[in-house]
Amino acid sequence: MSEPHPITEERSGDSPLGLTTPPFADTSDDAFFFPSDQHLRALEFMGHSIWTRARLCVVTADQGCGKSLLIKRFLRDLDERVIAAGVQKEQITAREFLGEILHQYGVPLEESDKTDRRRLLERFLVHQASMGRMCLLIVENAQSMHPLVLEELRYLAALETEGAKVLKLLMLGQPALNRVLDSPRMIELVHPAPPRFSLGSLSEDQTAAYVAHRLRAAGADNPDELMPHTLMRRIHACTSGVPSRINVLCEEALRFAAEEQLQAVSAEAIERAAQELGWKSRASLPTDAVDSSARLTISMQGYADREVELTGGRMIIGRGEEADVRIDSVFVSRYHALLVRDGSQDLLLDLGSTNGVLVNSQRVVRRALRHRDLIQLGPARVVYTNEGVAGQGIDAGETVCFARPGFPPAAGEETAVPLAFGRPDSSGGR
């Protein structure tokens, strides 16, 4: 599940060590599609979204995580009721953008044609809707497109006939796309808030399964003999689990092994490939120097689950546009909580929010998070994942709050009543 890479494309004709086809070349061959958990969930998310009332759904992922191949797989499974068009070019004018959509929908239009492209596309969409067909527009790399192109998207997304939208939008891009969609000029497009899905990189176990899958698809009878599982930690450390980087590193390692006339890829071949590419292997660093892979999985009724990787020293969680982790709910404060990365620990701090922060059903003001902690912020359920802190002991500085977060009981309050999801909790916090 990779996106094109110049090194992969250049060497895609080689099939070393007896393989029938290059295992790590960029290809649309369905046999090479690796069904990781997150990619299958992304397919399910996109399939579900286009049949709901939502006019827009959003998928974000870092470069190289497989968005393009995911779209190819998604389009393959659509039925005849859906007419799909896709735009990938980032540097494109509004006129070229409309022309590309018309071309994808099969509407003949010469470059010199002075026809109003917006009106022509509008008539096409309305006609298809009257015939009971759904028009789907897939826009990739939207975070880099010109504002005038985004204006055209806003106009097209608002088109209706007999009270029903005539176009479904699926937007894919890097995480910066979320900031573009949350900007004031895009409020008409993203209101109400569209369902979003964040596609992550592969874990170490998934990396091993991915490498074995690609080798098997390329003709290897026993992938573990060709690339032993003992190398997978090194491969994951060098690539951070990004499929396109895995492809490039493994292809280089296979080439070095073939040059040395080896029967299998060795650790030295992996290290030599990493050096050739200029990638520093974190596997060779001391254990305490390797950053743990910490992330939040956010679930909220009516929205697809999304994952947020914890990066940087501090991240604000809240409803405001400035929040690093945004949760769109009236029961979440503008600045609700703060995550501070302190060495190997992730500290969660309540910023004086109205409805408080619950961790494992207990209200807290401060907590050093532990693996699989369940955090409740208004209607959102957030699971903290970080296997690196699974064995940590109790946080000596943890602060539990039995009243309003950060405040003593107000005058006249006989009993502190915690709030859960914006309503009094009659259980008294038990």
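Reply: This is a predicted model, and pLDDT stays under 50 over residues 282-292, a stretch with 12 contacts beyond four places in sequence. Over residues 402-430 the pLDDT is also below 50, and here the model has 38 contacts beyond near neighbours in sequence. Where pLDDT is low, the predicted coordinates should not be read in detail. For the chain, the mean pLDDT is 79, with 80% of residues at 70 or more. Confidence is lowest in strand 19 (residues 419-420), with a mean of 34, and highest in strand 16 (residues 374-377), with 94.

Helix 2 takes in residues 37-49, which makes 13 residues. From first C-alpha to last, helix 2 reaches 18 Å, close to the 18 Å expected at 1.5 Å a residue.

Its buried residues are Gln 38, His 39, Ala 42, Leu 43, Phe 45, Met 46 and Ser 49. Seen down the axis of helix 2, these buried residues fall within an arc of 160°, so they line one face of the helix. An α-helix has 3.6 residues a turn, so residues three or four places apart point the same way. Asp 37, Glu 44 and His 48 lie on the other side of helix 2 and are exposed.

The cover over the buried residues of helix 2 includes strand 1 (56-61), helix 3 (67-76), strand 6 (167-173), strand 7 (196-199), helix 8 (204-217) and strand 9 (303-309). For the chain as a whole, 46% of the 430 residues count as buried.

Note on methods: Residues are numbered from 1 along each chain as its sequence is written. This is a predicted model: local features need pLDDT of at least 70, side-chain atom pairs count only at pLDDT 80 or more; totals for chains, interfaces and linings use all residues. Side-chain values use heavy atoms; hydrogens and water are left out. pLDDT is the predictor's confidence in each residue, from 0 to 100. Helices (H or I, at least four residues) and strands (E, at least two) are DSSP runs, numbered from the N terminus. Contact means heavy atoms within 4.5 Å. The expected span of a helix is 1.5 Å times one less than its number of residues. Buried means under 20% relative accessible area, exposed over 50%, partly exposed in between (1.4 Å probe, protein chains only). The arc is that of the directions from the helix axis to the C-beta atoms.
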